[in-house]
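These are my notebook entries on a single structure.

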Amino acid sequence: MLDRIKANFTSFGRYFLAMWSGLSALAGVWLAFVSWEDMGITDWFVRILVLFSIFLIAVVSAGITILCRNRKRIFGDINKGTELCYGDIIKLGFPKKDQRRIVVIPVNRCFDLSCEGKLISRRSIHGQWLEKYIGNANERVQLNNKIQKILAERREQFDLLRKEDKCDGNLKHYRPGTVVELAGKNNVTFYLLALSALDKDLRAFCSETDFYMTLQGLLKYYDIHGMGEDLYCPVMGDHIVRPTRDTIDIISLMLSILRFNRGKIHGNIHIVVYDKMKSEIPILDY
């Protein structure tokens with residue numbers, strides 16, 4: 001709890017000053033009409049305690065506000081725009097009840113579907129999604145065929161890699177920002193978003209240019225096919241993907257790209273910060 005307040009110290013100070021100023025102003029107005037003597041408070045020590053209690057109320061109120069706020073609107077209104085929120089993108093993608101929404105799953109640009117060997121890390125969002133979405137090897141083959149068919153029918157551009165350039169998985173390497181739409185359960189729609197490339201050692205990497213193109217591709221697809229549904233996109237490219245980037249910097253980059261392209265957003269885009277990072281990532285400071 002204290003770690004989260006410390007991480008959001010700038011916002012805590014802003015809320016504290018606003019509340020303390022408001023309470024102090026109310027106390028000043030009250031004392032303009034009712035004196036300490038009228039209230040039966042003649043002891044200076046008691047008066048100091050009363051004034052100090054205003055300070056404590058402001059501190060507690062600011063702390064509660066920080067701990068209770070799990071989302072922040074960055075721009076836009078109730079119908080369209082962008083917000084930051086804490087959450088778990090995998091839980092959002094597999095709700096227990098009907099939750100009509102679009103969930104973005106960043107994947108590699110070959111749309112690989114296996115966590116065996118070194119191909120896809122089980123710790124990545126891609127890997128976690130695979131283990132929830134695919135039940136067995138037969139389903140994996142069927143899904144891979146379905147994805148490749150979707151991409152072929154849309155005539156998406158790709159480069160054909162050589163086996164020596166990528167020793168495992170699919171060899172068709174699509175452009176960053178390519179999206180494959182899949183149906184989930186309980187009215188969830190998944191957007192598999194091509195983000196990272198794999199080198200010959202199967203290490204994932206993504207340049208700043210490719211990152212920008214990835215978000216541009218997502219916005220373009222969402223603009224055409226999203227139908228105004230809420231879209232949930234994780235903070236992506238900050239841990240598994242090389243070069244390693246700071247999560248706070250990635251969030252700033254994503255928000256700046258979305259803000260620059262706000263005219264293409266016809267719905268609500270929620271950038272999801274992993275909820276276990278509440279004590280590290282101060283979303284209220286953005």
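**Entry 1: Arg 242 and its loop**

I located Arg 242 in the loop between β9 (231-234) and α8 (247-260). Helices (H or I, at least four residues) and strands (E, at least two) are DSSP runs, numbered from the N terminus. I note that this is a predicted model, in which local features need pLDDT of at least 70, side-chain atom pairs count only at pLDDT 80 or more, and totals for chains, interfaces and linings use all residues. Residues are numbered from 1 along each chain as its sequence is written, and side-chain values use heavy atoms, with hydrogens and water left out.

Is Arg 242 buried, partly exposed or exposed? I class Arg 242 as partly exposed because its relative accessibility is 40%. The classes are buried under 20% relative accessible area, exposed over 50% and partly exposed in between, with a 1.4 Å probe and protein chains only.

I then listed the contacts of Arg 242, leaving aside neighbours within four places in sequence: Arg 203, Ala 204, Phe 205 and Cys 206. Contact means heavy atoms within 4.5 Å. Arg 203 is 39 residues from Arg 242 in sequence, and their C-alpha atoms are 7.8 Å apart in space.

**Entry 2: backbone geometry**

I checked the peptide bond from Arg 242 to Pro 243 and found it cis, with omega near -10°. Pro 243 is likewise placed in the loop between β9 and α8. For reference, most residues other than glycine have a negative phi, and most peptide bonds are trans.

I looked up two residues with positive phi. Arg 155 has phi near 55° and lies in the loop between α6 and β4 (158-160). Arg 155 counts as exposed because its relative accessibility is 75%. Asn 186 also has phi near 55°, and its place is the loop between β6 and β7. With a relative accessible area of 26%, Asn 186 is partly exposed.

**Entry 3: Tyr 191**

I placed Tyr 191 in strand β7. Its relative accessible area is 1%, so Tyr 191 is buried. Between Tyr 191 and Gly 217 I read a separation of 26 residues in sequence and 11 Å in space, C-alpha to C-alpha.

**Entry 4: helix α5**

Which residues of helix α5 (residues 125-133) are buried? I found His 126, Gly 127, Trp 129 and Leu 130. They line one face of the helix, because seen down the axis of α5 they fall within an arc of 160°. The arc is that of the directions from the helix axis to the C-beta atoms. In general, an α-helix has 3.6 residues a turn, so residues three or four places apart point the same way.

I also looked up what covers these buried residues of α5: the cover includes α4 (89-93), β3 (101-108), α6 (137-153), β6 (179-183) and β7 (188-198).

**Entry 5: the whole protein**

I counted 8 helices and 10 strands in the protein. The C-alpha atoms fill a box of roughly 90 × 35 × 35 Å along the principal axes. The radius of gyration is 25 Å, whereas a compact globule of 286 residues would have one near 19 Å. This radius is taken over C-alpha atoms, and the globule rule is 2.2 Å times the number of residues to the power 0.38.

Of the 286 residues, 45% count as buried. Among contacts between residues at least 6 apart in sequence, I found that 70% join residues at least 24 apart.
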